[in-house]
Amino acid sequence: MTATVPVSWEAEVDLVIIGGGVAGLTAARTASLRGLRVLILSKGGPTDTSTQYAQGGIAVVAPQGDSVDSHVYDTVEAGAGLCEVDAVRSIVAGGQAAVAALTDLGAVFDLGRDGQISRTREGGHSTRRIIHAGGDATGAEVQRALNAAGLPVLFGAAALRVVTGPDGVRGVVAVSDNGFGVVRTPAVLLATGGLGQLYASSTNPPGATGDGVALALWAGAAVADLEFVQFHPTVLYTPGGVGRRPLISEAVRGEGAILVDAEGNSVMAGVHPRGDLAPRDVVSRAIAERMRAMGTDHVFLDARRIDGFAQRFPTITASCLSAGIDPVAQLIPVAPGAHYQCGGVLTDTHGRTGVPGLYAAGEVARTGLHGANRLASNSLLEGLVVGERAGVAAAERLGVRSRIEEIPSWTVEFADRAVVQQAMTEYASVVRDGAGLGGALARIEAARSVASPLDTVAGAAARSVASPLDAVSGAAQADHSRDETGSGPGLFSATLRRIEDAALTLTARALLVAAADRAESRGCHTRSEYPGPTEDRRHSTAVRLGADGALELSTVDVVAVPVCVR
């Protein structure tokens, strides 16, 4: 193999999974049980994932008073006309088996007085079907159970490029504290989570830099529905707060909390039939409108009427107390914050993309489940169901020779993330307009530089290991997690900073051109000059990276399938 990349380590496996959250670990377990040799690359440590921070729960059809049809209906209603109904039904129907598999791994869910799994209701749901663990720590319990399975994870390693050929995926170029590495594989699963770090304030961890979207575009795959970024309506507000911010789970409103403004008036009264439990896009827009009308930068959540708040919501209580707020006695200041990427890499319900051997699952993927707005707690559901299916689907690549003859150097375009975050926060948040979207794109493009991500760690090439598998373990691994500023030991060198900035830059550009093209308001994409949806926009917008580096738009038809009435 010839290479201009200074390769320090090599490996060969049947499946590389990029990302260590619910979708990636579920896929790894499934593929491993089927005999595939699997390697997971994780930029951070065992809990440096969006899954870890998921306070909500898992939306899964309840055994009484609920049905697949009802869950599908709620999902499609929230998705504002862009859900692929067959995909919704397929994923929703797989929920109970996926949760059972997670329980078999040792995940423990909260029980009611009758000894059965307790359920709550969240925004957009017509019934109590959300299961929780540890009150408001469901994601942490899911992460714990999957980490405990002892799956092969190389912590402190990031993928720089998916290598492809005429037959599809051939491998991955990665970087770790030990230098550059090449992993030969016929199958790669992107499970990298979201893009919250496009914005100055987000509920996402520091590593949510849009890596999967960028890796897919660089590999020749399409992404779709990127313009639909869900802003969680109730993120804990503190003056000047930036970076990852604690969210106040929708379950708090499910238990009776209400949104009020500074004068004590209800924010949601008369806005939607479900009031404070309306879909997230509705609530976020209502809050943004009330803040604009009153000239404030936050509203309040009144949870004082909830009995046993501290026991029901221990994580939220701790976050509030650390900010000097007692949620039992005081109003909780909240404002919308970037939360979830509804679109992503275009896939089927088994994670397959248009590039043979390239798969995607979890938040990074666009399966058709979420449409223009994700229904609360459908995210962990999707990660479990599609993660398992992608692990099965990857077996179809067994026998494909993962040869890599040459790894040339390459360049990426990147702007400083502070420029990207400022432009996106100012012009591409809850409410947008065409002039602002165009201005944000121009600002980012003007700030772009071109360089190789390989130029910044020449010294790292001098260190080598025989194989990255020497450093692989389940959850017992050196601490590679980063702090809230995004810095950290070893791994977070100039190379990773550059490749993350490149991913943020490309993802921001793709989002902005898709948002500018969608001249309507639909779901969580709100254009102030177009107050409602239009029938001619009832399709998904796909984006590809052309050979000349330009972004190319196309449409993806959304199949309208009748949904049974609840």
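This note goes through the pockets, cavities, cores and some single residues of the structure.

1. Basis. This is a predicted model, in which local features need pLDDT of at least 70 and side-chain atom pairs count only at pLDDT 80 or more, while totals for chains, interfaces and linings use all residues. Residues are numbered from 1 along each chain as its sequence is written, and side-chain values use heavy atoms, with hydrogens and water left out.

2. Second largest pocket. A pocket here is an open set of points on a 1 Å grid over the protein atoms alone, with protein on both sides within 12 Å along at least five of seven lines; lining residues have an atom within 4 Å of a point. Volume is the space filled by probe spheres set on the points, and grid points are joined across faces, edges and corners. The second largest pocket holds about 650 Å³. It has 27 lining residues. Met291, Ala335, Pro336, Ser429 and Val430 lie nearest its centre. Two or more lining residues come from each of β15 (229-236), α9 (280-294), β19 (332-341) and α13 (417-427). Helices (H or I, at least four residues) and strands (E, at least two) are DSSP runs, numbered from the N terminus. The most comes from α9, with five residues.

3. By class, 14 lining residues of the second largest pocket are nonpolar, seven polar and six charged. Ala, Val, Leu, Ile, Met, Phe, Trp, Tyr, Cys and Pro count as nonpolar; Asp, Glu, Lys and Arg as charged; the others, Gly among them, as polar.

4. Largest cavity. A cavity is a set of grid points where a 1.4 Å probe fits but cannot get out. The structure has two of 30 Å³ or more. About 50 Å³ lies in the largest cavity. Its lining is Lys43, Ala158, Ala159, Asp211, Leu215, Trp218, Ile499 and Ala503. The largest share, three residues, is from α7. Six lining residues are nonpolar, none polar and two charged.

5. Second largest cavity. This one holds about 40 Å³. Phe231, Asp281, Ser284, Arg285, Val430, Cys524 and Thr526 line it. Helix α9 gives the most, with three residues. The lining divides into three nonpolar, two polar and two charged residues. Note that Val430 also lies among the residues nearest the centre of the second largest pocket.

6. Main core. A nonpolar core is a set of buried Ala, Val, Leu, Ile, Met, Phe, Trp, Tyr and Cys residues joined through side-chain atoms within 4.5 Å. Buried means under 20% relative accessible area, exposed over 50%, and partly exposed in between (1.4 Å probe, protein chains only). The largest core has 79 residues. Leu41, Val188, Leu190, Leu198, Tyr199, Leu358 and Met424 touch the most other members. Helix α15 (residues 494-517) gives the most to this core, with 13 residues. A second, separate core has 47 residues, including Ile40, Ala98, Ala187 and Tyr359.

7. Leu198. Contact means heavy atoms within 4.5 Å. Leaving aside neighbours within four places in sequence, leucine 198 is in contact with Val420, Gln421, Met424, Leu504, Thr507, Ala508 and Leu511.

8. Helix α4. In α4 (residues 85-93), Val85, Ala87, Val88, Ile91 and Val92 are buried. These residues lie on the same side of α4, because they cover an arc of only 155° around the axis. The arc is that of the directions from the helix axis to the C-beta atoms. The buried residues of α4 pack against α3 (68-78), α5 (95-104) and α12 (378-393).

9. Positive phi. Aspartate 225 has phi near 60°, a positive value in a residue other than glycine. It sits in the loop between β14 (223-224) and β15, and is buried at 2% relative accessible area. Serine 377 has phi near 70°, again positive in a residue other than glycine. Its place is the loop between β22 (365-366) and α12. Serine 377 is buried too, at 4% relative accessibility.

10. Two further residues. Tyrosine 73 is in helix α3 and is partly exposed, at 26% relative accessible area. Its C-alpha atom is 9.3 Å from that of arginine 89, 16 residues apart along the chain. Glycine 546 lies in the loop between β28 (539-545) and β29 (551-557) and is buried, at 10%. The C-alpha atoms of glycine 546 and glycine 220 are 8.4 Å apart, with the two residues 326 residues apart along the chain.
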